[in-house]
Amino acid sequence: MCDKFPRQFKSMATIGDNLQAVRKRIAEAAHAAGRDPAAITLLAVSKTHPPERVVEACEAGQRAFGENYVQEAVQKMDAVAQALGSARTHGLEWHMIGPLQSNKSRAVAERFDWVQSVDREKIAQRLSAQRPDSQAPLNVLVQVNVSGEASKSGIEPRAVVALAQAVARMPRLRLRGLMAIPEPTADAAVQRARFRMLRELLEAVRAHGLALDTLSMGMSDDMEAAIAEGATMVRIGTAIFGAREGAGRAA
Ligand SMILES: *Cc1c(COP(=O)(O)O)cnc(C)c1O
């Protein structure tokens with residue numbers, strides 16, 4: 001249909017432009033909710049995109065990156081480090097946001113700064129045992145299933161406090177908060193309800209005396225609803241890097 005403006009036209013927006021547009025959306029949503037935009041961290045989800053795109057995003061000032069697949073992530077970290085040099089790699093922060101497999105936990109414990117997808121005590125124990133003493137404790141979010149039957153990933157809401165308390169006791173982990181990936185829906189009221197549930201769960205965990213500062217929720221299509229409900233971190237892929245090959249919203 002748009003043959004007159006083929007591919008180049010679509011790809012004319014650079015990653016820097018896209019980042020700027022996303023930061024603007026975050027600022028507008030924050031202002032609409034009476035919140036300070038500086039209280040919302042932008043995590044750039046670079047899964048499936050090559051290291052060159054990450055370097056481009058770094059050059060546009062982006063610092064925090066999210067990845068879903070361990071092997072892909074580790075290769076990308078190395079390639080980005082090589083391209084940027086050690087001084088500029090230093091300020092980067094890598095977040096594991098995909099499903100955790102126990103046979104890959106060592107690489108996660110050694111290479112990432114954050115893990116957002118902890119949904120069971122056993123994997124948390126492995127990560128704590130495998131986190132090298134030479135590194136700062138691994139920042140952890142407990143992933144919660146806020147969508148009931150419509151989703152399989154994350155721990156069920158009624159088990160969140162107990163898992164959070166267990167993670168908080170692990171020596172090489174630092175529990176920072178909660179994360180959720182609600183089922184995709186265009187219904188803004190449903191989006192809000194899912195995100196509200198996660199915020200209320202964070203408050204419930206805090207009421208047990210744990211000092212948490214992070215509520216990771218909101219993606220390209222629902223970041224406004226998440227920010228309205230109190231997100232302190234939004235995880236944005238498509239709106240920054242463009243569409244991914246194949247399907248693949250959340251892995
Ligand atoms: C892929 C992914 C995202 C980014 O989704 P977009 O819709 O591309 O913004 C965010 N969070 C998780 C856990 C993901 O797997």
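Let me start at Arg235, where an N or O atom of the side chain sits 2.9 Å from a nitrogen atom of the ligand. I call that a polar contact, a pair of N or O atoms within 3.5 Å; within protein, one must be able to donate a hydrogen and the other to accept it, and residues adjacent in sequence count only if both atoms are side-chain atoms. This is a predicted model, in which local features need pLDDT of at least 70 and side-chain atom pairs count only at pLDDT 80 or more, while totals for chains, interfaces and linings use all residues. Residues are numbered from 1 along each chain as its sequence is written, and side-chain values use heavy atoms, with hydrogens and water left out.

A polar side-chain atom of Thr238 is 2.6 Å from a ligand oxygen atom. For Arg244, an N or O atom of the side chain lies 2.9 Å from an oxygen atom of the ligand. The ligand exposes 390 Å² when taken alone, and the protein buries 98% of that; these areas come from the Shrake-Rupley method with a 1.4 Å probe, and for residues only the protein chains shown count as cover.

There are 14 residues around the ligand, and those that come nearest are Lys47, Asn68, Ser220, Gly237 and Thr238. A residue is near if one of its heavy atoms lies within 4 Å. By class the shell has 6 nonpolar, 4 polar and 4 charged residues. Nonpolar here covers Ala, Val, Leu, Ile, Met, Phe, Trp, Tyr, Cys and Pro; charged covers Asp, Glu, Lys and Arg; the others, Gly among them, are polar.

Next, Thr48. Its phi is near 70 degrees, a positive value in a residue other than glycine. Thr48 is in the loop between strand S1 (41-45) and helix H3 (51-59); helices (H or I, at least four residues) and strands (E, at least two) are DSSP runs, numbered from the N terminus. At 40% relative accessible area, Thr48 is partly exposed. The cut-offs are under 20% for buried and over 50% for exposed, with partly exposed in between, using a 1.4 Å probe and protein chains only.

On to salt bridges. The count comes to 17, taking a side-chain nitrogen of Lys or Arg within 4 Å of a carboxyl oxygen of Asp or Glu.

Which residue does Lys76 meet in a salt bridge? The partner is Glu72, at 2.8 Å, N to O. Lys76 is buried at 3%, whereas Glu72 is partly exposed at 23%.

Glu229 and Arg196 form another salt bridge, 3.2 Å from N to O. That pair links distant parts of the chain, 33 residues apart: Glu229 is in the loop between helix H10 (223-228) and strand S8 (233-236), and Arg196 is in helix H9 (residues 188-207). Shared partners join Arg192, Arg196, Arg199, Glu203 and Glu229 into one network of salt bridges.

Last, the aromatics: the structure holds 1 aromatic pair. The ring centres of Phe65 and Trp94 are 5.6 Å apart and the planes are at 35 degrees, so the pair is tilted. Rings of Phe, Tyr and Trp (its six-membered ring) pair with centres within 6.5 Å; planes under 30 degrees apart are stacked, over 60 edge-to-face, and the rest tilted. Phe65 is buried at 0% relative accessible area, and Trp94 is buried at 6%.
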